[in-house]
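User: I would like to learn how to read the packing of helices, strands and chains in a model. Could you take me through it one feature at a time?
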There are 2 protein chains.
Amino acid sequence: MKLSEIGERKIVEKIIQKFSIPMDDCAVIDNGNEYMILTTDMMNEKTHFPQGSKPYYIGWYSIAVNLSDIAAKGGKPLAILAAISMPRSREINFFEEILNGMEDCVKKYGGKIIGGDTKESPFLTIAITAIGMVRKNEYMARKGAKAGDAVYVTGSLGKEANLYLGNIDELLNVKPRIKEAHELAKARVATSCMDLSDGLASSLYQLAKINGIGFLIYEKWLPIDDKARKMDSPLEFALYHGGDFELLFTMPEEHEDMLHFNFKKIGYVTEEKILIEKDGKIEEIKNKGYEHFVS
Amino acid sequence: MKLSEIGERKIVEKIIQKFSIPMDDCAVIDNGNEYMILTTDMMNEKTHFPQGSKPYYIGWYSIAVNLSDIAAKGGKPLAILAAISMPRSREINFFEEILNGMEDCVKKYGGKIIGGDTKESPFLTIAITAIGMVRKNEYMARKGAKAGDAVYVTGSLGKEANLYLGNIDELLNVKPRIKEAHELAKARVATSCMDLSDGLASSLYQLAKINGIGFLIYEKWLPIDDKARKMDSPLEFALYHGGDFELLFTMPEEHEDMLHFNFKKIGYVTEEKILIEKDGKIEEIKNKGYEHFVS
């Protein structure tokens, strides 16, 4: 049987079963009063970086998407390892611009590039490992959401529309929600948190599975991005496209006043089913989103 | 200017200068009485895994070469992150065999696979990040070798001959010197240590540069591998080919009796120049070895 017949999420399930890994945005190492949290992401120019991607933004993006995972657990970035493969025929300037993008992202959001690897390869591939620290009592897991909690996102949804509008720089200029997540973690009010890398629908299904819950989302509450609104089906972009890298979190509604960053309630945690209310009608959200090997 | 015009080692120099990274086998994070040591290696089937490589040994190798870096600093493996990209047309069994190889290597040498990433890519690429711990007073740096120390290696040299003899399984069946390095680190006698991934000559040049020293190596003392001895020029394989993943270390000779693993004196640290004594004549060892982008 081929990988395309089972898809990325089933493959990941196989791995986490084999190695008894908890399903979350980061791996965790116990370290006294803190958790060290670690995440790794591999990207290549054949499947991740659209034609016309500038090396500066490739570098930025590669760090930012990893810091987004660190943010989702309430972590503070500590260190980065960057492994880069590319063809020998590539210009040194191309390589240096990637490093500049990485450096600027780290300067803005924290951490330090402490090591890496360079190798030859027929096309550009980048693998980043980001390490962060979080106090144990501030760690935000995927598990914990309960029926009755409200569900929230930061920023806006559907930014992958930038890909179709030709705004490649903007698409890659991901802003990891480190500051927002830090405030959320300190407040200790979130019952679950994850980042939105695979799209809202897919992320809701993942949270639902881990917590044995459902969701009711209100279409009119969704902070649909201005760029997605230019498309034929803005809602499609907000629900089913990847690339938003926002925080998705749940908490009891009464804590809203404690938080001072830009976030938006989009619905509620329910007992079962993942539904959306739209124009007075309720329908099921499909379990689809960006998935390697099958999408 | 293209990457091929400057080569991997100059590229790495650029990176470590840009980010002020010390040149060593692992990155280091301060953690109380210990250092957390981290290393990352990216490999792909176009440049790293010869035709006929079995997925089990690809998985094993990918972990083993990273643990070899952890070993070289005296570290105990703690955790592994494994990022794997491959085409969707690949058989699931191929993927599972890679995981089996990874699992067996970790079972034998320590650590635990705690997370990773899977992505789609036109060919197999693996990026491993290994994390280890070492007591600060047992950490073995590359820096510290002094003229008058003797220089040693573990195991045998020139095992890349296996590539030319068609012994691909054996080539990939790297045995990281975790146990030996642990004993060496505990004894606190090594003045410098690194792993031999790029070949003996290249590694000697790297140690010489960091420490402002030279070496005098005796050809008759080199533990040349039986497989290399089958080749036209066994010494060429022992000096200039990568893939040995042995420990290269220096220490004052009088400490030899303290160590009980398999190691071999190959020469002495000198003030300058990197020389080899062969058939009563002394000549310079060339500064060459496996190098991405130019070799």
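User: Which residues of H1(A) meet which residues in H3(B)?

Analyst: Two residues are in contact if their C-beta atoms, placed from the backbone, lie within 7 Å, and helices (H or I, at least four residues) and strands (E, at least two) are DSSP runs, numbered from the N terminus. Here A:Leu3, A:Ile6, A:Ile11, A:Ile15 and A:Lys18 in H1(A) meet B:Ile92, B:Phe95 and B:Leu99 in H3(B). By class, this contact of H1(A) with H3(B) holds seven nonpolar, no polar and one charged residues, where Ala, Val, Leu, Ile, Met, Phe, Trp, Tyr, Cys and Pro count as nonpolar, Asp, Glu, Lys and Arg as charged, and the others, Gly among them, as polar. This is a predicted model, in which local features need pLDDT of at least 70 and side-chain atom pairs count only at pLDDT 80 or more, while totals for chains, interfaces and linings use all residues. Residues are numbered from 1 along each chain as its sequence is written, and chains are lettered from A and ligands numbered from 1 in the order in which they are written.

User: At what angle do the axes of H1(A) and H3(B) cross?

Analyst: Axes are lines fitted to C-alpha atoms, for helices over the stretch in contact, and angles run from 0 to 180 degrees between N-to-C directions; angles under 35 degrees count as roughly parallel, over 145 as roughly antiparallel, 65 to 115 as roughly perpendicular and the rest as oblique. The axes of H1(A) and H3(B), residues 92-109 of chain B, cross at roughly 20° and come within 11 Å, and these two helices are therefore roughly parallel to each other. The crossing of H1(A) and H3(B) is right-handed; a crossing is left-handed if the near helix is turned anticlockwise from the far one by less than a right angle, and right-handed if clockwise.

User: How are H2(A) and H3(A) oriented to each other?

Analyst: The axes of H2(A), residues 55-72, and H3(A) come within 6 Å and cross at roughly 40°, so the two helices are oblique to each other. Their crossing is right-handed, and among the residues that meet are A:Tyr56, A:Trp60 and A:Leu67 in H2(A) and A:Phe94, A:Met102 and A:Tyr109 in H3(A). The contact divides into 15 nonpolar, four polar and two charged residues.

User: In what order do the strands of the sheet in chain A lie?

Analyst: Two strands pair if DSSP finds at least two bridges between them. In chain A, five strands form an open sheet in the order E1-E2-E5-E3-E4, with mixed pairing. Strands E1 (27-31) and E4 (113-120) stand at the edges with a single partner strand each, so one side of each is left without a neighbour in the sheet. Within the sheet, E3(A) (76-86) and E5(A) (125-135) pair in the antiparallel sense over nine bridges, and the bridge partner of A:Ile84 in E5(A) is A:Ile126.

User: What rotation superposes chain A on chain B?

Analyst: Two copies of a chain are related by a rotation about an axis and a shift along it. Here a rotation of 180° with 0.0 Å of shift along its axis superposes chain A on chain B, with an RMSD of 0.0 Å, the copies being superposed by least squares on the C-alpha atoms of residues with pLDDT of at least 70 in both. That is the relation of a two-fold axis, and in chain A the C-alpha nearest the axis is that of A:Ala127, 3.2 Å from it.
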